[in-house]
Number of protein chains: 2
Amino acid sequence: MKRINIGLIGFGTIGAGVVKLLKKNSALISHKTGVKLVLKKIADLDITTDRGVKVDKGVLTTNVDDILRDREIDIVIELIGGYKPAKEFILRAIKSGKHLVTANKAMLAVHGDSIFAAAAKNSVHLGFEAAVCGGIPIIRSIKEGLCATKISSFYWIFNGTCNYILTKMTKEGEKFDDVLKEAQRLGYAEADPTFDIQGIDTAHKLAILIMLSFGTKVRFKDIYTEGISNIAPIDIEFASNLGYKIKLIAIARNDGKSVQARVHPTMLKSDHPLATVGDVYNAVYVNTDATGPTMFYGKGAGMMPTASAVLSDVIEAARGIAQGFSGRVPLLSLKDEFMKEIPIKPIGETASKYYMRITVKDKPGVLSKIAGILGDNGISLESVIQKGKPSSKNVPIVLQTHHAPDSGFKNAIRRIDKLSFVTKKTVYIRIEDQLE
Amino acid sequence: MKRINIGLIGFGTIGAGVVKLLKKNSALISHKTGVKLVLKKIADLDITTDRGVKVDKGVLTTNVDDILRDREIDIVIELIGGYKPAKEFILRAIKSGKHLVTANKAMLAVHGDSIFAAAAKNSVHLGFEAAVCGGIPIIRSIKEGLCATKISSFYWIFNGTCNYILTKMTKEGEKFDDVLKEAQRLGYAEADPTFDIQGIDTAHKLAILIMLSFGTKVRFKDIYTEGISNIAPIDIEFASNLGYKIKLIAIARNDGKSVQARVHPTMLKSDHPLATVGDVYNAVYVNTDATGPTMFYGKGAGMMPTASAVLSDVIEAARGIAQGFSGRVPLLSLKDEFMKEIPIKPIGETASKYYMRITVKDKPGVLSKIAGILGDNGISLESVIQKGKPSSKNVPIVLQTHHAPDSGFKNAIRRIDKLSFVTKKTVYIRIEDQLE
């Protein structure tokens with residue numbers, strides 16, 4: 001049986017998962033591919049810490065050249081992340097004709113152009129299934145499963161921490177701050193939660209999914225983001241009464257002229273498949289011109305799910321080595337010369353239905369004043385809920401609007417929040433009840 | 001640009017969808033593959049009926065030899081279904097070195113061995129994504145996306161009609177018979193609903209998914225099936241109160257020693273992603289040793305979703321022609337020599353939690369008698385709900401059991417249904433609250 005040698009750069013959590021999974025399913029993988037995958041070298045600065053998986057001493061090295069200069073190594077797995085020195089290692093591997101598998105979304109989102117060009121020039125396979133959505137084979141599904149279709153939009157529940165917080169708030173009625181503190185204590189959330197919630201990591205991944213889906217490159221600073229920190233248990237309760245669940249999702253739409261790319265809390269119909277995605281799960285809900293909606297669901301991160309994605313790419317590269325092909329599918333789905341510049345639609349020009357919770361000191365005429373401001377901005381109402389005792393101080397008025405332009409809506413909110421009887425900052429959440 | 005010629009055998013609904021989609025996305029497909037797909041011939045006995053898509057006269061033929069003997073045709077799409085004459089056409093195409101794409105699950109489930117062997121011998125690509133789950137790229141995902149993992153089980157919501165009926169019963173509280181009649185009137189359900197509900201079509205598809213997932217061949221007559229016709233609106237209501245939804249699902253599990261393969265109505269936790277799959281949607285919930293659960297969701301049938309699956313295989317074959325590879329991935333995921341015989345576990349040896357609704361003439365001692373019979377068969381109870389007026393005639397007693405062996409449970413049911421105070425046949429539904 002043909003042996004194919006692999007070099008692994010980066011022996012962290014995911015790296016250890018790759019080693020474990022390769023050991024565990026070595027025979028199964030050979031039975032599928034007809035080749036034997038041999039992990040010849042693992043390079044890491046730390047080669048002494050126990051990773052919970054047995055590795056022969058001779059395999060470990062602190063010198064990355066033991067991989068990059070070894071002519072017997074055909075496939076390099078890069079799992080150190082970040083820009084430096086990962087980029088140098090990746091380019092050196094590619095230039096010496098080695099196939100490359102990486103989970104490095106930051107690198108692909110920022111330096112993708114030069115890396116993709118190098119891979120094409122050197123006719124090597126470049127796999128990055130592990131860069132987005134952990135164990136979900138979403139990149140393959142977009143590039144191959146849906147390759148005969150035109151993708152018009154996708155909706156992505158992406159973030160373990162935010163889902164965790166919203167799930168907890170929904171199920172147990174706890175406050176954002178309390179759940180966040182608990183998540184931090186348990187190690188689920190970063191010390192700086194804005195990284196998780198509005199962070200660049202999500203934008204990197206979204207940029208990759210948009211490139212693959214729409215054939216256009218977006219600058220991730222153009223992606224609009226809002227976090228979940230304003231959401232209170234009372235909003236979750238109102239949402240539930242209205243038949244919705246609140247999720248933080250990424251929305252990407254392409255009408256051919258412009259692309260929408262935004263990340264914000266969103267009310268989804270309670271019985272929609274995306275609404276059941278909780279805890280550490282991710283899901284991508286993809287609309288195409290032929291299939292209608294499809295959804296891909298699974299663990300979006302973690303040692304073994306990500307290891308599965310890494311090895312699926314290693315196996316694709318190994319099949320190519322054994323059978324003499326590479327670059328079977330263009331890296332970004334479209335051949336490079338057909339990638340287009342499609343501008344991002346500014347958030348102010350998008351339209352949405354909105355949920356709003358306005359907190360007022362209740363007195364006659366309040367609602368008419370609010371409705372007047374909304375009307376001035378071209379916003380009509382679908383429903384109004386007013387609860388609480390009359391003449392009490394902090395009474396929530398909950399409104400659902402019909403589709404309204406974002407800029408007009410935000411004008412209205414600014415004016416409403418200046419009204420003398422409005423006692424707190426108005427909370428608003430977009431409603432997506434179609435997902436088309 | 002290299003041109004690759006395609007011959008289509010069978011110009012029915014799916015065939016017309018393939019022609020439409022290929023026309024619509026022709027440029028896009030070229031931009032992804034670098035080749036131009038040309039539909040050179042369409043063979044059908046009926047070449048006069050309007051299919052809603054424009055085709056040049058010279059393309060249509062009633063003589064299949066115009067495809068099978070045309071050396072310029074590289075890829076044949078077989079969409080006539082059934083065994084005869086499809087098998088002959090498929091084998092002739094393969095033997096003349098043409099790549100083959102088919103949606104014919106019956107053929108693959110029954111004559112798979114000879115067809116797979118012929119494809120391997122003639123080094124042609126054989127694509128059958130369209131045979132299972134319409135627009136969901138489930139075959140690719142199992143064979144490639146999850147290729148580094150061992151699949152331990154999957155749960156599949158498969159049937160448009162049953163889902164439609166159960167969705168309607170759940171949302172509108174209607175009776176099975178009424179919803180079925182309406183479905184038949186609207187053309188959603190076959191005149192003979194057993195075909196849809198307990199039918200061989202499902203068994204064919206399940207057999208294919210089991211081959212791909214577990215590397216074993218099952219005879220589909222060994223697949224255990226129960227339909228949904230016993231389920232009444234009251235069961236849906238009780239299920240809802242207990243936190244469940246009722247779905248007809250296919251369950252496949254592999255513990256290495258035996259395989260479970262069964263199709264029956266099942267209570268799923270209401271907030272489980274599978275529980276939201278309704279109407280014409282399919283979903284496959286796959287457990288692996290690395291990713292944990294993943295789910296693939298979409299339209300399980302229909303013209304355009306199935307056309308998408310057909311063309312995704314055509315594109316794979318076209319890439320192979322352009323780049324000089326074929327048989328990139330073994331047809332059944334594992335290379336043939338590693339396929340194993342794993343016996344099917346008889347239904348009596350499986351275990352499950354059960355919901356039971358026993359209808360009784362209420363009087364003192366009824367519950368103790370029932371509990372006694374259950375106890376005799378080693379079945380313990382998780383909950384009991386007894387509603388209705390005492391001493392009325394048809395009072396439902398709803399029980400939830402802990403895990404119980406199927407044979408013992410059915411013994412108990414037989415004994416219970418013979419009790420003098422039991423006035424109707426007991427309804428039971430398996431509960432799957434783990435899906436592991």
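**Note on a predicted two-chain model**

1. In this predicted model, 52 residues of chain B are in contact with 52 residues of chain A; two residues are in contact if their C-beta atoms, placed from the backbone, lie within 7 Å. The side of chain B that touches chain A draws at least two residues from each of α2 (26-33), α6 (138-145), β12 and α12 (303-323) of chain B. The largest share of that side, 9 residues, is supplied by α12(B). By class, the side of chain B that touches chain A comprises 25 nonpolar, 18 polar and 9 charged residues. Here Ala, Val, Leu, Ile, Met, Phe, Trp, Tyr, Cys and Pro count as nonpolar, Asp, Glu, Lys and Arg as charged, and the others, Gly among them, as polar.

2. Residues are numbered from 1 along each chain as its sequence is written, while chains are lettered from A and ligands numbered from 1 in the order in which they are written. Because the model is predicted, local features need pLDDT of at least 70 and side-chain atom pairs count only at pLDDT 80 or more, whereas totals for chains, interfaces and linings use all residues. Helices (H or I, at least four residues) and strands (E, at least two) are DSSP runs, numbered from the N terminus.

3. The next point concerns symmetry. Chain B is superposed on chain A by a rotation of 180 degrees with 0.0 Å of shift along its axis, at an RMSD of 0.0 Å. The two copies are therefore related as by a two-fold rotation axis. In chain B, the C-alpha nearest the axis belongs to Phe296(B), at 2.5 Å from it. The superposition is by least squares on the C-alpha atoms of residues with pLDDT of at least 70 in both copies. Since 100% of the interface residues of chain B are also interface residues in chain A, the copies meet through the same surface.

4. Strand β12 also links the chains. Strand β12 (residues 292-299) of chain A is joined to β12(B) by 3 bridges, and the two run antiparallel; strands pair if DSSP finds at least two bridges between them. Met295(A) stands opposite Tyr297(B) in β12(B). Within chain B, strand β11 (residues 281-288) and β12(B) pair in the antiparallel sense over 8 bridges, and they form a hairpin with 3 residues between them. Asn287(B) has Pro293(B) as its bridge partner in β12(B). In strand β12 of chain B, 8 of the 8 residues are buried, so the strand is largely enclosed by the rest of the structure. A residue is buried if 20 or more other C-beta atoms lie within 10 Å of its own, exposed if 12 or fewer, and partly exposed in between, with C-beta atoms placed from the backbone.

5. In chain A, 6 strands form an open sheet in the order β3-β2-β1-β4-β5-β6. Its edge strands, β3 (60-61) and β6 (126-127) of chain A, each pair on one side only. Strand β1 (residues 2-9) of chain A is joined to strand β4 (residues 73-78) of chain A by 5 bridges, and Ile6(A) stands opposite Ile75(A) in β4(A). In chain B, 6 strands form an open, parallel sheet in the order β3-β2-β1-β4-β5-β6. In β4(B), Ile77(B) is the bridge partner of Leu8(B).

6. Which residues have the most contacts inside the largest nonpolar core? They are Ile77, Val310 and Val314 of chain A and Ile77, Val310 and Val314 of chain B, in a core of 279 residues. Such a core is a set of buried Ala, Val, Leu, Ile, Met, Phe, Trp, Tyr and Cys residues joined through C-beta atoms within 7 Å. Not counting residues up to four places away in sequence, Ile77(B) touches Ile6(B), Leu8(B), Ile9(B), Val18(B), Val101(B), Val310(B) and Val314(B).

7. Helix α8 (residues 176-185) of chain A has Val179(A), Leu180(A) and Ala183(A) among its buried residues. These cover an arc of only 100 degrees around the axis, which puts them on the same side of α8(A); the arc is that of the directions from the helix axis to the C-beta atoms. The face of α8(A) turned away from its buried side carries the exposed residues Asp177(A) and Arg185(A).
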